[in-house]
Each structure stands twice: as C-alpha cells, then as structure tokens.
Amino acid sequence: MRKLYGLLLLLLLSSACFAQTWEPGIFAGSSGYMGDFNEVNPFKFTDFSAGVFVKRNFNGYFSAKLGYTYGKIRGADSLSSNPQLRNRNLSFFSPINEVSLTGELNFFNYYSGISLKRWTPYIFGGVALVNYNPKAVYKGDTYVLRPLKTEGQQKEYPYNALSVPYGVGVKVNFSGSWNLGIELGYRTAFTNYLDDVSSYYPDKAGLVNVDSRVLTDRSGEKTGVYIGSPGSQRGNFRRDTYMITGLTLSYTFLSQKCPVVSP
C-alpha cells in the first residue's frame, strides 16, 4: 500500500511540475514548393528558411507551438524534364511569411532535462496563415505578378492564405534543458496562386497593360510560337503546397525542480 501511495504522490508531483513548461527556440533550414512548376517531387527544396517559436509543453507527450517562419519558393519551366512545361516557359519566385499554431505529439514520454528518455520522434499538425507575393524576372527586370492579373482575374487574389501544416520530426535532449531536433513539414495552402499560375490563359485584349500581356504567355520567347490561346490550360487547378525542413534548437524552462521521470 505504501508503494501505491508513493507512486500516486510521484504522479501528482510530476503533473504539477510538467503541466506548465515553456520552450522557446529557433529554426534554420530549407524551403520548397509543389505546384504548377513541381507536381511530383516532395523533396525539391530550393531556398533558405529560418524561424522562431515558443512551445508550451502540457505533459511528456503533448505540446502546442506558436511559430513564425520565413522562407522562399521558386519554380521555372525551363528546368523541367517535361517538354510541355518547357514550352510554357513560365517562372516565378516568392517570399513566404508564415505564422502557425500547431500541436505536437511525442511518441515517447519526453521531459527535457528530467526524463531518462533523452530522445523521441514526433508528429505535428495545425493551422497557419501565410503571406506570399509571386514575382517574375523578365529581361533583367523583376515584376510583381499579382496586380498584373495574368489569368484575367476580375480582382487581385489575396495577399494571405490559410494553410494546413503537418509533418514529422525527431528531437534529442543533448545537454541540460537544451534540445536539438530535425523536422520535415508540409503546408497545404488554401490557394492555387502561390506561383501565380492556376487555370486558363485569358484573352490578352482584356488584360490590364502591356506587362500583363507579355507575362501571361511567355511560350514564344525562344521559338516565336505562342501556345497560350484564350481558354487553353495554363495551370493544374490544384492547391499549392510549400514545405520546410531543417534543424531546431530550443531551451526548456521548468517551473520548479522535479524528480527524474522514467520513460
């Protein structure tokens, strides 16, 4: 009976200690995208990304994380192995600014600096708001594509979109309360305009200006033959996805001294 009381007391102390711990951290890695310029490769990372986050650990298995991440995505038909895309000859790049709220679920009972289990794989998912601004380079000059309405939109598409982040990672408690992790995450965006390519070629006569008419159909720049007839397919009609991978470094603040917890 005394052993049972002792176990219950240990569980209560552990609950009090670990119910409220904060964990700020930083992230550095790479960003990429899947969409009209990359339909099949989920590991095509092209640019640097970085971020900061703060995490609330509710227990050894579950935490909530608020984060900000900056990255960049890009794509170019000229680099494609698909001859149809090379003929289309479009390109873009865009900065990505993301604010996210995600839940993180550890596979093991993981308390930084306290538990005997010093590492754990984990999965995460949540919701995010992403700011994007697709651009293209033409004859050495950079053009912001949104106001050009290159597909004949009645109004500009939004500057921000909701996205759904999800992914996997592994983290290790390497010294005291310090944690090092590696993470791979994908974000399905509720827009098909991260790359300014979505649906059909418009009637060039109805576009806003000369720049819009030039950048809506760049297929003839090398051959002189333009394929973008009004109503023909320009994009794949599917939502775009961007992905982020890299290393995390964080420090866990414990509210008070606690006993060592077994895995």
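## Overall architecture

Of the 263 residues in the protein chain, 47% count as buried, a term that denotes under 20% relative accessible area, calculated with a 1.4 Å probe and protein chains only. This is a predicted model, in which local features need pLDDT of at least 70 and side-chain atom pairs count only at pLDDT 80 or more, whereas totals for chains, interfaces and linings use all residues. Residues are numbered from 1 along each chain as its sequence is written, and side-chain values use heavy atoms, with hydrogens and water left out.

The protein chain contains 4 helices and 10 strands, arranged along the sequence as α-β-β-β-α-β-β-β-β-β-β-α-α-β. Helices (H or I, at least four residues) and strands (E, at least two) are DSSP runs, numbered from the N terminus.

## Contacts and surface

Among the contacts in the protein chain with a separation of 6 or more, 73% are accounted for by residues 24 or more positions apart; a contact means heavy atoms within 4.5 Å. The accessible surface of the protein chain is about 13500 Å², and carbon and sulfur atoms contribute 62% of it. Accessible areas come from the Shrake-Rupley method with a 1.4 Å probe.

Pro-165 has Arg-187 in β9 as its bridge partner. The hairpin of β8 and β9 has 2 residues between the strands, and Gly-176 takes a positive phi near 55° there.

β9 also pairs with strand β10 (residues 241-251), again in the antiparallel sense, over 11 bridges. Here Gly-185 has Ile-244 in β10 as its bridge partner.

The largest pocket has a volume of about 270 Å³. Of its 13 lining residues, Gln-84, Leu-85, Arg-88, Gln-233 and Arg-234 are the closest to its centre. The lining comprises 3 nonpolar, 6 polar and 4 charged residues. A pocket is an open set of points on a 1 Å grid over the protein atoms alone where a 1.4 Å probe fits, with protein on both sides within 12 Å along at least five of seven lines; lining residues have an atom within 4 Å of a point. The volume is the space filled by probe spheres set on the points, which are joined across faces, edges and corners.

The second largest pocket holds about 200 Å³ of space. Its lining includes Phe-37, Lys-44, Ser-80 and Leu-85, and divides into 5 nonpolar, 5 polar and 2 charged residues. In this classification, Ala, Val, Leu, Ile, Met, Phe, Trp, Tyr, Cys and Pro are nonpolar, Asp, Glu, Lys and Arg are charged, and the others, Gly among them, are polar.

Definitions and conventions
Pairing = 2+ DSSP bridges. Buried < 20%, exposed > 50% of the residue type's maximum accessible area, 1.4 Å probe, protein only.
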